[in-house]
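Please examine the sequence and the three-dimensional structure shown below.

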Amino acid sequence: MAQFQAVKGARDIFPDEVVRWHHVEGVIRSVAALYGFSEIRTPVFEYTELFQRGIGSTTDIVGKEMFSFLPDPNGRSITLRPEMTAGVMRACLQKNLLSLAPVHKLYYISDLFRKERPQAGRQRQFSQFGAELLGVSSPAAVAEVLTFMMQVFETLGLHGLRLRINSLGDVEDRARYREALREYFLPYAADLDESSKERLEKNPLRILDSKNPALKEMIAGAPRLYAYLKPEAVADFEKVLSFLSDRAIAYDIDHLLVRGLDYYCHAAFEVTSSELGAQDAIGGGGRYDSLAKELGGTADLPAVGFAVGMERLMIAMEKQGLFATLNPHGPLVYVVVQQQELSDHGMQVAFRLRKAGLKVEIDLAARSMKAQMREANRIGSSYALFIGQTEHESGLYSLKNLVTSEQTSLSLDAVIEILSTPG
RNA sequence: GUGAUUGUAGCUCAGCUGGUUAGAGCGCCAGGUUGUGGCCCUGGAGGUCGGGGGUUCGAGUCCCCUCAUUCACCCCA
């Protein structure tokens, strides 16, 4: 029988890598605290309609990437969350959070599921950290969220990132622009590729971010969304940009940036890293003022948010050597037992040292002294404490400094005292 | 979903145009050092050559199918 392996697109994270996750998560949490964002955790699954309504049924995510199933024959379809925003919004509406305070700043670090073919920087189960600012979506709010995100990158030491930003205007702006695009592309319809033809019908904006080189020229000649924005929207967007400039956050305006989720409006942005290969988007987000209503909320609930791919973030960090200094320190003392008959005594000694607050490791497999010593060395112990017949009888143990190879004979109390003193 | 790629020891990989007992490095275990690691030397364990079928006197090597991997497209984090 063939061995089991992890489900396609899912992977295991072993201890040496978990250390990295702890590091990154720690930075995220501490920067979130600086900006006043609090953590929210929502269920991994939601009713399927939530995503259909929230993300948009024409999007790729909803159209072909969701893990959906019926919990019972007559039940409602539920779906493993493919993104966080819809769920967070649902939670806040359900709890009527905004009645407690007009503005909420939330962040999350959560696992998501999308049924795509895995490739570099893309898995079926992956993790995002992100933030949602609910209650305002003013330029200041957009800048708040963006600055939080960029400060996380900066604190982690990640460089070589590119922030692209665009304004999608409001619903009316986009409706007018959509028509203009349709008019522009219609004469070229025969030259469009299959997916673009479909988008011409459903959502012409999406043609803009096609990476098909054959369409590049055609796209470059298309009318620009910017020209269709109301003056207020332009002013709003420029205010966001000036906030960014004030904070020395570099950006590029990208008129072709539309993003694949239906709920975005006005400011939309994306951060890419040159370290990542084909899937180079490390994070993205924008405003989604109409999402709450889409989900059945009674009032308008302006909101801004972003999401960053944890795995992609960590791939980029790895490439830049940002984990190099992240070495977990091994146990302080390795208790080495001379012969099997003494192993019970060794366990007692180990236990006593641990109770005294020392990091202690001991062989549980009754291996030879040589093996025990090799193990002590391999896992980076600072000391070996030998337990042989002599030690057992005299109560004086041989403590060997594994760096200097010096060895002294001490009582257990003395061992504890010496090793407990820092330095 | 589409395309390409790869699949040989725990890991990284050799294995030329099909030829006899399938190799290396690292790791692991043991010995050299009868109570002491890292270096070195010696030895050892460990392989349904992803799986199934076919061609052939003979298949790790060629053909077909299948599963899996990786990268890319689509799209996204």
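Is the crossing of α12 and α15 right-handed or left-handed? In this predicted model, helix α12 and helix α15 cross in the right-handed sense. Helix α12 covers residues 343–355 and helix α15 covers residues 412–420; their axes come within 11 Å and cross at roughly 40°. An angle under 35 degrees would count as roughly parallel, and one of 65 to 115 as roughly perpendicular. On the side of α12, the residues in contact are Val 349, Arg 352 and Leu 353, and they meet Leu 412, Asp 413, Val 415 and Ile 416 of α15. Sorted by class, the contact of α12 with α15 consists of five nonpolar and two charged residues, with no polar ones.

A second pair of helices may now be considered. Helix α5 (residues 139–156) packs against helix α9 (residues 231–246) at an angle of about 40°, and their axes lie 9 Å apart. Helices α5 and α9 are therefore oblique to each other, and α5 passes α9 in a right-handed crossing. From α5, the contact is made by Pro 139, Ala 140, Val 142, Ala 143 and Leu 146, while α9 supplies Asp 236, Lys 239, Val 240, Phe 243 and Leu 244. By class, eight residues in the contact of α5 with α9 are nonpolar, two are charged and none is polar.

Helix α1 contributes Arg 20, Trp 21, His 23, Val 24, Glu 25 and Ile 28 to the contact, and helix α11 contributes Met 310, Glu 311, Leu 313, Met 314, Met 317 and Glu 318. By class, the contact of α1 with α11 has seven nonpolar residues, four charged residues and one polar residue.

These pairs may be set within the whole chain. Chain A contains 15 helices and 16 strands. The radius of gyration of chain A is 28 Å, well over the 22 Å that the globule rule gives for 423 residues, so chain A is more spread out than a compact globule. Along the principal axes, the C-alpha atoms of chain A fill a box of roughly 95 × 55 × 45 Å.

Domain 1 of chain A comprises 15–170 + 230–319, and domain 2 comprises 333–420. Taken over C-alpha atoms, the centres of domain 1 and domain 2 are separated by 51 Å.

Technical notes
Residues are numbered from 1 along each chain as its sequence is written. Chains are lettered from A and ligands numbered from 1 in the order in which they are written. This is a predicted model: local features need pLDDT of at least 70, side-chain atom pairs count only at pLDDT 80 or more; totals for chains, interfaces and linings use all residues. Side-chain values use heavy atoms; hydrogens and water are left out. Axes are lines fitted to C-alpha atoms, for helices over the stretch in contact, and angles run from 0 to 180 degrees between N-to-C directions. Helices (H or I, at least four residues) and strands (E, at least two) are DSSP runs, numbered from the N terminus. Angles under 35 degrees count as roughly parallel, over 145 as roughly antiparallel, 65 to 115 as roughly perpendicular and the rest as oblique. A crossing is left-handed if the near helix is turned anticlockwise from the far one by less than a right angle, and right-handed if clockwise. Contact means heavy atoms within 4.5 Å. Ala, Val, Leu, Ile, Met, Phe, Trp, Tyr, Cys and Pro count as nonpolar, Asp, Glu, Lys and Arg as charged, and the others, Gly among them, as polar. Domain bounds come from an automatic or database domain assignment. The radius of gyration is taken over C-alpha atoms; the globule rule is 2.2 Å times the number of residues to the power 0.38.
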